[in-house]
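Welcome! Here is a short briefing to read alongside the sequence and the 3D view.

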Amino acid sequence: MINLHCHTYFSDGILGPAELLTRCIKKRYRAVALTDHIDESNFENVLKNVKKVTDEFNKSLNFRALCGAELTYVLPKNIDKIAKECRKLGAEIIVVHGETLVEPVPEETNIYAAQSKNIDIIAHPGLICSKSVKYAKKNNISLEITSRKGHSLSNGYVANIAQQYDINMVISTDAHCPEDLIDENFAMQVLIGAGLTKKSIINLWKNMIRLAGLK
């Protein structure tokens, strides 16, 4: 199992980075990206502190910890600028908090994220439009299928449009607490339930291995 979207107490998660990573290792995860919510006010401190922990965990064998960030409620026109700054500070996975159906995310977040060459994943993108999907494909950005309650309401739509345009996908937990962590069996159920074909599921896992830097 690979998880490229989860949160620690540096944003709204309940666990520290070390405990979250340890729990993931116990559940036999191969790679985990810590992607706390960031905006202009906190990205420097969050990345600096998270990177200290991921650097230490990467000394362990058979596990990869990635320092990441989730740009959340950032003014759409500032997404690319902040993403560039996050890269400079060592962010390996950059997620944008997409226009989920259950939160008042700024309009045009999806399309500005899709036009950035510094974004890896648009999380829970809701009813993302075809124009945004085309930009995302051009910039090799993945769309997220999520196991998170509420955000998962649009999984079927996201899976359908992603397969229509043959764009990369990931499955992530958006974990905020231990109970949010899932195993590979449940992940497969979520993917099948969203309507992914067997071919799409295989490609999704390959894409996640690529993003995690695994072989």
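Which residues does Ile-145 touch, not counting residues up to four places away in sequence? Ile-145 touches Asn-155, Val-158, Ala-159, Met-169, Val-170, Ile-171, Ser-172, Val-190, Leu-191, Ala-194 and Leu-196, where contact means heavy atoms within 4.5 Å. This is a predicted model, in which local features need pLDDT of at least 70, side-chain atom pairs count only at pLDDT 80 or more, and totals for chains, interfaces and linings use all residues. Residues are numbered from 1 along each chain as its sequence is written, and side-chain values use heavy atoms, with hydrogens and water left out.

**The nonpolar core**
- The largest nonpolar core has 70 residues; such a core is a set of buried Ala, Val, Leu, Ile, Met, Phe, Trp, Tyr and Cys residues joined through side-chain atoms within 4.5 Å.
- Ile-145 is among the residues with the most contacts inside this core, along with Leu-4, Leu-71, Cys-86, Leu-196 and Trp-205.

**Around Asp-36**
- You will find Asp-36 in the loop between β2 (31-34) and β3 (37-38); strands are DSSP runs of E, at least two residues, numbered from the N terminus.
- Asp-36 is buried, meaning under 20% relative accessible area with a 1.4 Å probe, protein chains only.
- The side chain of Asp-36 makes a polar contact with that of Ser-11 at 2.5 Å (a pair of N or O atoms within 3.5 Å, one able to donate a hydrogen and the other to accept it; residues adjacent in sequence count only if both atoms are side-chain atoms).
- Phe-10 is also one of the residues that Asp-36 touches.

Key. Helix = DSSP H or I, 4+ residues; strand = E, 2+ residues; numbered from the N terminus. Buried < 20%, exposed > 50% of the residue type's maximum accessible area, 1.4 Å probe, protein only. Lys, Arg positive; Asp, Glu negative; His and termini not counted. Salt bridge = Lys/Arg side-chain N within 4 Å of Asp/Glu carboxyl O.
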